[in-house]
Amino acid sequence: EVEPTEQVTETTEPVVHEPQMLEEPIVVKPLEVNDETAVWEFSHRMLQENINETNPVLSPVSAYLALGMVGLGAKGDTLAEFETTMGQGMQNTAAALMRVIPTWMTANAATDTAEEMKIAPLTVANSAWVDDTMNPEEAWLTEVNSIYNAEIYQGVLSSEGTKKDINKWVENKTHSLIKEFLSEPLDTETK
């Protein structure tokens, strides 16, 4: 849940965030069968809904992690909808994925050739972009950072400058494979 603020600037700056201790610490369990099932079901539904598109290229894991960050701020009926879509243990599943994927990448790096690593590098990068009119709760900032290792930025999301910042961030994190993630600034309703 977020509350509007009055401050508006034209640049996107990293949010200075000092993680706070959570009232209830997040306990990350190993990726369990239920977690794997939730990710597989989510992935299958996502692919089914998009398979008729021309050359669909999508990453169900990326979508799962992005929705998980949003789901951290959900309550009530909205939280129930997230859990229906992503599984009851969505935050534990996301935390397990964030722990397992880098381990898997490191293990495979020893057997992959340098040429294979150039062709298909696999990295995980998360960020949250928050409009200046919003004031995210400290618990959300802490959890997004601790579970998803996300960089958090705040600025005028509908500005040309933020569009450029997002594109530069994506280009950097994709090793220049994606140079233009957004072709236009985000809508003014995006917060």
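Tutor: In the largest nonpolar core, which has 28 residues, Tyr64, Trp140, Val144 and Tyr148 touch the most other members. A nonpolar core here is a set of buried Ala, Val, Leu, Ile, Met, Phe, Trp, Tyr and Cys residues joined through side-chain atoms within 4.5 Å, where buried means under 20% relative accessible area, exposed over 50%, and partly exposed in between, computed with a 1.4 Å probe and protein chains only. The elements giving two or more residues to this core are α1 (33-50), α2 (60-71), α3 (76-86), α4 (90-109), β3 (127-131) and α6 (138-148), and among the contributors α4 gives the most, with six residues. Helices (H or I, at least four residues) and strands (E, at least two) are DSSP runs, numbered from the N terminus.

Because this is a predicted model, local features need pLDDT of at least 70 and side-chain atom pairs count only at pLDDT 80 or more, while totals for chains, interfaces and linings use all residues. Residues are numbered from 1 along each chain as its sequence is written, and side-chain values use heavy atoms, with hydrogens and water left out.

If residues up to four places away in sequence are not counted, Tyr64 touches Ala38, Val39, Phe42, Met86, Met90, Thr93, Ala94 and Leu97, a contact meaning heavy atoms within 4.5 Å. In soluble globular proteins, nonpolar side chains tend to be buried together.

Of the contacts in the protein with a separation of 6 or more, 70% are between residues 24 or more positions apart.

The charged pairs complete the picture, a salt bridge being a side-chain nitrogen of Lys or Arg within 4 Å of a carboxyl oxygen of Asp or Glu. There are two salt bridges by this rule, and in one of them the side chains of Lys173 and Glu151 meet at 2.9 Å, N to O. Lys173 lies in helix α7 (residues 160-173) and Glu151 in strand β5 (residues 151-155), so this pair ties together parts that are 22 residues apart in sequence. Glu160 forms a salt bridge with Lys163, with their closest N and O atoms 2.9 Å apart; Glu160 is partly exposed, at a relative accessible area of 38%, whereas Lys163 is buried, at 11%.
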